Amino acid sequence: MKIRRRSPNPTVAVDTLRYQVKVPDSEPRNILEKIVWHKEVEIQRLRERTPLAELQRQVLTAPPALDFATALRDGKTSPAVIAEVKKASPSKGVIREDFDPVAISTSYENGGASCLSVLTDKEFFQGSLDYLAQVRQSVKLPLLCKEFIIYPYQIYQARIHGADAILLIAAILSDKDLGYFTRIAKALGMTALVEVHTAEELDRVLNLEQVQVIGVNNRNLEDFSVSLETTHQLLAQASSHPRANEILFVSESGIHQSSDVAYVAQAGAKAILVGESLMRQPDPGNAIGQLMA
Ligand SMILES: O=P(O)(O)OC[C@@H](O)[C@@H](O)c1c[nH]c2ccccc12
């Protein structure tokens, strides 16, 4: 893991005063670090308002989770489409001005998506857990909570707001956390989609037996560069692993046209995760049909 989980320059509370001493190299090195450091503070604040124990109580009365992995395996299309509800991103700014998460989700559902992904990060993606809850009320498809998860706390939050699956990013989690968080997801009836971008991350994740669904992100979250070859290279690498056949591979990001779909399908992806290219179309559901044509 190259990503540092916390700023080396924390604020230290001493009695009523707060000191912050500048230490060298205490700025985030890339956007992923910046997001994760912000997330740390964000979760700390939420926890002060609502403790984990309260979320654990609420989760008991939530309607059961839908089977995200099976919906992908039985896909309505081949490869199956996970359509993403995404207003903005740090690399592209605002992607869709007239943003109505419920209308977009309904359109996706009618347009042939097998599952949906809802961005919930506010600060960098203008998303919200409320959007997730609203979408849950309006469609029947399994939902992925698209979030930068660094604590179990967020997994409970996702479940309470209607998520059936969570994203776990290998670049920001240790093997121990990946294993632990995947087990929590499973205990809550959810699927964990574990995201990798490098050969090294893929290697780590293939060796974690509880992981059943692996997402190859074609976008490098450190510099935003996108290459579909990432899917090709990493799936070639995975094919020689003894667990290759039991894992469902998802190709994520940068998929714009039907030739892109053909390319990642040929590489072995059984599902694709698409946001921007659908969100930019007036009718996002209809755009799925065009992409899969
Ligand atoms: O909009 P795109 O290029 O179609 O990408 C969708 C999705 O893959 C992307 O939003 C994503 C993949 N992994 C992430 C992790 C965090 C936030 C966002 C993402």
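**A strand and its two partners**

Mentor: Strands β3 and β12 run parallel and are joined by 4 bridges. This is a predicted model, and the pairing is read from it. Within that pairing, Ile-82 has Leu-273 of β12 as its bridge partner. Strand β3 is also joined to β6, residues 115-119, again by 4 bridges and in parallel.

The β12 side leads on to the ligand. Leu-273, the bridge partner of Ile-82, is among the residues that come nearest to the ligand, together with Glu-252, Ser-253, Gly-275 and Glu-276, out of 14 around it. Two elements, β12 (271-274) and α12 (276-279), each give two or more residues to this shell. By class, the shell holds 6 charged, 5 polar and 3 nonpolar residues.

As for the whole chain, it has 13 helices and 12 strands. Its radius of gyration is 19 Å, close to the 19 Å that the globule rule gives for 293 residues, so the chain is as compact as a globular protein of that length. Of those 293 residues, 43% count as buried. Among contacts with a separation of 6 or more, 68% come from residues 24 or more positions apart.

Terms used: Residues are numbered from 1 along each chain as its sequence is written. This is a predicted model: local features need pLDDT of at least 70, side-chain atom pairs count only at pLDDT 80 or more; totals for chains, interfaces and linings use all residues. A residue is near a molecule or strand if its C-beta atom, placed from the backbone, lies within 6 Å of it. Ala, Val, Leu, Ile, Met, Phe, Trp, Tyr, Cys and Pro count as nonpolar, Asp, Glu, Lys and Arg as charged, and the others, Gly among them, as polar. Two strands pair if DSSP finds at least two bridges between them. The radius of gyration is taken over C-alpha atoms; the globule rule is 2.2 Å times the number of residues to the power 0.38. A residue is buried if 20 or more other C-beta atoms lie within 10 Å of its own, exposed if 12 or fewer, and partly exposed in between; C-beta atoms are placed from the backbone. Two residues are in contact if their C-beta atoms, placed from the backbone, lie within 7 Å.
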